[in-house]
Amino acid sequence: MAVKVNSKISYIFKKREFGIFLFILILLAIFGSIEPRFFRSENLNAILSSVGILMVVGAGQTLVIVTRNIDLSVGSTLGMAAMVMGMVARSRPDFPIIGLILIAMVVGGICGLINGFLVSFGMIPSIIATLGTLAIFRGAVFLVSDNVQIDPEDVPKDIISLATTSPIGIPWLLIFALLAIVLVWFVSSQTLLGKRIYAIGSNPEGAISRGLSFNKITIMVFVFIGVLAGLGGVLYTARYATINPADVGRGLEFDVISAVVIGGTNIFGGSGTALGTALGCILIGILSNGLTVVGVSPFWKACATGFLILLAVAIDNLVRRRQEENFLLAIRNQRVAK
Amino acid sequence: MSALSKSPSRFKVPGYLIGPILILTLAMVYGSLGSEYFLQPASIIFNTGRYMEIGLLALALTFVIINGDIDLSVASTLAASAGVLAKLFAGGVPIFWCCVASVFTGFVLGLINGLIVIKFGLPSLVVTLATLALYRGLTQVLLGDDVVANYPESFAGFDQRLVIGGNPGLPAPLALFFVAAIIFYYILHKSNYGIKNIMSGSNPSASNFSGIGVDRVRLLAFALSGTVSGICAVMITSRLSSTISNVGLGLELLAITVVVLGGTDIFGGRGAISGTVVSLFAIMAVREALVIQDVNGQVQDSAVGLLLILTVLVPRIRSYYIDKRDRQKRFNEARAKA
């Protein structure tokens, strides 16, 4: 019986992501029928590269939200990583690209480590800690850069080519994004660490009393999102070729959290998948691009995103309620059978 | 704390005020080192006008956060109300009725937040994240790229007006803030509603079973927050005497920082108006002191973020070590007995 309940839950999980997928198809059909140029390969490429950055950071944010935490500082972490990388590239133009990417990821990881320490050992609620570091890291970007932006001619060609060249038909930018999603999928569903992360999120007291280290897992998750935000900094630099201390990654936190929530991750922790987040990112990308292509004023974009989040959580809530009812029903049937 | 309680003085400073008062004092000293004019009453009063909208937003947010909810949409609600005000004014409606409409818009938008949160049982963090985008989007749709200006003389320059004349006089925003603070103090700490508010925040289900309409209390708090946003929209429009669609962008994070720095528990159940008031002045003093010392605006923000983290972190670390010491002492005593 237990197996049956389990398969039922996993069935609904599949269904939930299927719902987002269906919504994407409907949107594609609507935009495509209004404006056939929407399906041109250049436009589809533009959509995919615009969601790349969102996807990389969203992959990390999924795990953070699964552990009942939230990281508001991702935009500033991304900015910090991009800025440090850009400054290294400016002062030493012959620095290898792998080294630059590693630098960005390490800087991001350090920012994440600070967040992780504050949340775990500092016992500060993550929403407050990362609200603070959102401002602190942004200030650090200014201090480090001395308020001077990195100009396009100082950004190495190799970095920019990440956004412009496509080795196997899809741009490097998207390959990185897909790798991040696959990594999170693998960790969350195939490893013991993933099970522990979900356990901490769905029942912290229970998980801790079973001997899981809350501090260790929290720090790990925050370092992970930091590293991914660092990678996001590389992709940002590739896409925009300019690193302005005030603009780099600003407001990213809201887009990322929106994408994760639309992807079906429960903001109270314990459930959520990488696939859902990826679909959520694509949905946001298609929506904002499609509205422009169809000729709707770009001012409607924020409205549409807000409405989408509300729709997503409302549906999610309904599904969860039904799931709980089914679960209770199954237990009752089991008792009746006995 | 033990040193304080042993002291013979009867007046005790509440624990949550120690941090903000310390910050306020240090900022005053630091600022007066930068310029001898910093501590002059006239310059202090002159500089306060810009912060009073944040102060009012924070006062109303205190109620929402004590309930265990959060309202991220305050700045967007403010923008939407200001948008309605501007649109009506441009349409030739008398300015008084524009202001009434603005406050009413704020009330309705706050009510919508509350209704979605309560009727659908959704987390307020996600709902107000959605309405943050939604209301900002509505403002953009309403105003587009337009700048509405040319407000009548009788309306503009609210912050330049003095309620009590003379030198230094009492400017209108400061007077309004003090009046609001006193009213909110009585509502939160002396009225029936305030007690219900704190109780439903500290234990919602127990309060529900004790006959407190938790849902109604929460709904009222959201409506209050919206209404105050509408009032702030009038204030900010009068102060800037122009309206654009990104008015008040990012104020929500600053307002939440003020509330949390003032000792209100982000998980609800604890908080005081006095904390919010003192922390507003502390943040104001820090920022003005940094302005005097010629520090970049972003770095000012990050100093405030650092203070936010420290005020939450230091008491927690302190209580952790006191706990540890007490445990060690008990352990030693037990061993000595054995």
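**Figure 1. Chain B and its overall dimensions.** For 338 residues, a compact globule would have a radius of gyration near 20 Å, and chain B agrees with that at 22 Å (taken over C-alpha atoms; the globule rule is 2.2 Å times the number of residues to the power 0.38). This is a predicted model, in which local features need pLDDT of at least 70 and side-chain atom pairs count only at pLDDT 80 or more, while totals for chains, interfaces and linings use all residues. Residues are numbered from 1 along each chain as its sequence is written, and chains are lettered from A and ligands numbered from 1 in the order in which they are written. The C-alpha trace of chain B spans about 85 × 55 × 35 Å along its principal axes. Chain B has 14 helices and two strands (DSSP runs numbered from the N terminus, with H or I and at least four residues for helices, E and at least two for strands). Of its 338 residues, 48% count as buried (20 or more other C-beta atoms within 10 Å of the residue's own; 12 or fewer is exposed, in between is partly exposed, and C-beta atoms are placed from the backbone).

**Figure 2. Chain A, built from helices.** Chain A comes to 13 helices and zero strands. Its radius of gyration is 21 Å, close to the 20 Å from the globule rule for 338 residues, so chain A is as compact as a globular protein of that length. Its C-alpha atoms fill a box of roughly 75 × 55 × 35 Å along the principal axes, and buried residues make up 50% of the chain. Take the contacts in chain A between residues at least 6 apart in sequence: 80% of them join residues at least 24 apart (a contact means C-beta atoms, placed from the backbone, within 7 Å).

**Figure 3. Where chain B touches chain A.** Here 38 residues of chain B are in contact with 39 residues of chain A. On the chain B side, helices H7 (124-143), H12 (251-261) and H14 (297-337) each give two or more residues. The largest share, 13 residues, comes from H7(B). By class, that side has 25 nonpolar, 10 polar and three charged residues (Ala, Val, Leu, Ile, Met, Phe, Trp, Tyr, Cys and Pro are nonpolar; Asp, Glu, Lys and Arg are charged; the others, Gly among them, are polar).

**Figure 4. A helix pair across the two chains.** The axes of helix H5 (residues 126-145) of chain A and H14(B) come within 7 Å and cross at roughly 145° (axes are lines fitted to C-alpha atoms, for helices over the stretch in contact, with angles from 0 to 180 degrees between N-to-C directions). The crossing is left-handed (the near helix is turned anticlockwise from the far one by less than a right angle; clockwise is right-handed). The residues of this contact divide into 15 nonpolar, six polar and two charged.

**Figure 5. H5 against H6 within chain B.** The axes of H5 (residues 74-90) and H6 (residues 95-119) of chain B come within 8 Å and cross at roughly 150°. That makes H5(B) roughly antiparallel to H6(B) (over 145 degrees), and the crossing is right-handed. Among the residues that meet are Leu85(B) and Leu88(B) from H5(B), and Cys98(B) and Leu109(B) from H6(B).

**Figure 6. Two loop residues with positive phi.** Most residues other than glycine have a negative phi. Arg68(A), though not a glycine, has a positive phi of about 70°; it sits in the loop between H2 (41-66) and H3 (74-91) of chain A. Asn150(B) has phi near 60° and lies in the loop between H7 and strand S1 (162-164) of chain B. Asn150(B) counts as exposed because it has 10 C-beta neighbours inside 10 Å.

How values were computed. Contact = placed C-beta atoms within 7 Å. Parallel < 35°, antiparallel > 145°, perpendicular 65-115°, else oblique.
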